[in-house]
Amino acid sequence: MNQFRPAKRRAEVSIGESVRIVRELQGFSQNELSKLSGIPQATLSAIENDRVRLGVERAKVLARALRCHTSVLVFPGWELPVETAA
């Protein structure tokens, strides 16, 4: 079994995809999130499809509405290094 290595990241997730994933996990439609955040549904669709940049202010507003930390939306591929015990 020692010849196997741990798996690497399986898929790249864009910022727009992370917004969609978190929205769907929270059970919101784009229209519901639009009402909660004040961001037009068309803009949410454009963000989720990576046609419009999320931006810092929109990220803060969406994170509040989605009840998550802003970094979850802005840094979807971020991984913390694994520390080994000495």
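**Salt bridges around Arg23**

Me: What makes the contact between Arg23 and Glu24 a salt bridge?
Reply: This is a predicted model, and in it the two side chains come to 3.9 Å, N to O. The cut-off is within 4 Å for an Arg nitrogen and a Glu carboxyl oxygen, so the pair qualifies.

Me: And why does Arg20 with Glu24 get that label?
Reply: Their closest N and O atoms are 3.2 Å apart, and that is within 4 Å, so it's a salt bridge too. Arg20 and Glu24 sit four residues apart in helix α1 (residues 15-26), which means about one helical turn separates them.

Me: Why are Arg20 and Glu24 called partly exposed?
Reply: Arg20 has 31% relative accessibility and Glu24 has 45%.

Me: What makes Glu48 and Arg23 a salt bridge, and which parts does the pair tie together?
Reply: The closest N and O atoms are 2.6 Å apart, within the 4 Å limit, so the label holds. Glu48 lies in helix α3 (residues 41-48) and Arg23 in helix α1, so the pair joins parts 25 residues apart in sequence.

Me: Which residues are linked in a network of salt bridges?
Reply: Arg20, Arg23, Glu24 and Glu48. Across the whole structure, the search turns up four salt bridges.

Conventions: Residues numbered from 1 in each chain as written. Predicted model: local features only at pLDDT ≥ 70, side-chain atom pairs only at ≥ 80, totals over all residues. Heavy atoms only, no water. Helix = DSSP H or I, 4+ residues; strand = E, 2+ residues; numbered from the N terminus. Buried < 20%, exposed > 50% of the residue type's maximum accessible area, 1.4 Å probe, protein only.
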